[in-house]
Amino acid sequence: MSNFIQVSDKYAIASDSRQWMIKKSQNVTDKETKTVSVEWVSKSFFGNFEQCVVALGQEMLRTSQSNSYAELVEAAKEISALLSKTFADAANVKINGLEGE
């Protein structure tokens, strides 16, 4: 793997020489020792970085467990802030639909 950027406890963006990936953390228990470790599982694949970041924001919003429009808007604001902070140098990346306005 060429790049691995952990965005939250649950999500990361990674790449290899051909693609960008959204990875999701998964707890795995060793059957013999009963120790729990985190494994990062690839969820989806993209040709460029911008597509990957946009898709990650959308995935985070879809799984935000919001129960009202107001909660969904608040989740969108939080996700947008998190991604903006994580990828501050990628100013040209726009997260469509996550501005919370």
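Reply:

Three aromatic pairs are counted here, where rings of Phe, Tyr and Trp (its six-membered ring) pair if their centres lie within 6.5 Å, with planes under 30 degrees apart called stacked, over 60 edge-to-face and the rest tilted. One of them joins F4 and W40 edge-to-face, at 5.3 Å centre to centre and with 75° between the planes. This pair links distant parts of the chain, since F4 lies in strand β1 (residues 3-6) and W40 in strand β4, 36 residues apart; helices (H or I, at least four residues) and strands (E, at least two) are DSSP runs numbered from the N terminus.

The model is predicted, and local features need pLDDT of at least 70, while side-chain atom pairs count only at pLDDT 80 or more and totals for chains, interfaces and linings use all residues. Residues are numbered from 1 along each chain as its sequence is written, and side-chain values use heavy atoms, with hydrogens and water left out.

F4 is partly exposed, at a relative accessible area of 37%, and W40 is also partly exposed, at 22%; buried means under 20% relative accessible area, exposed over 50%, and partly exposed in between (1.4 Å probe, protein chains only). Another edge-to-face pair is formed by W20 and F49, 4.9 Å centre to centre with 65° between the planes. Because W20 lies in strand β3 and F49 in helix α1, this pair ties together parts that are 29 residues apart in sequence. Ring pairs also bring F87 into a cluster with W20 and F49.

Helix α1 covers residues 49-62, and its 14 residues reach 20 Å from first C-alpha to last, close to the 20 Å expected at 1.5 Å a residue, the expected span being 1.5 Å times one less than the number of residues. Its buried residues, including C52, V53, L56 and L61, pack against β2 (11-15), β3 (20-29), β4 (36-46) and α2 (69-86), where contact means heavy atoms within 4.5 Å.

E59 forms another salt bridge with R62, with the closest N and O atoms 3.2 Å apart. Through these shared partners, K43, E59 and R62 are joined into one network.

How values were computed. A salt bridge is a side-chain nitrogen of Lys or Arg within 4 Å of a carboxyl oxygen of Asp or Glu.
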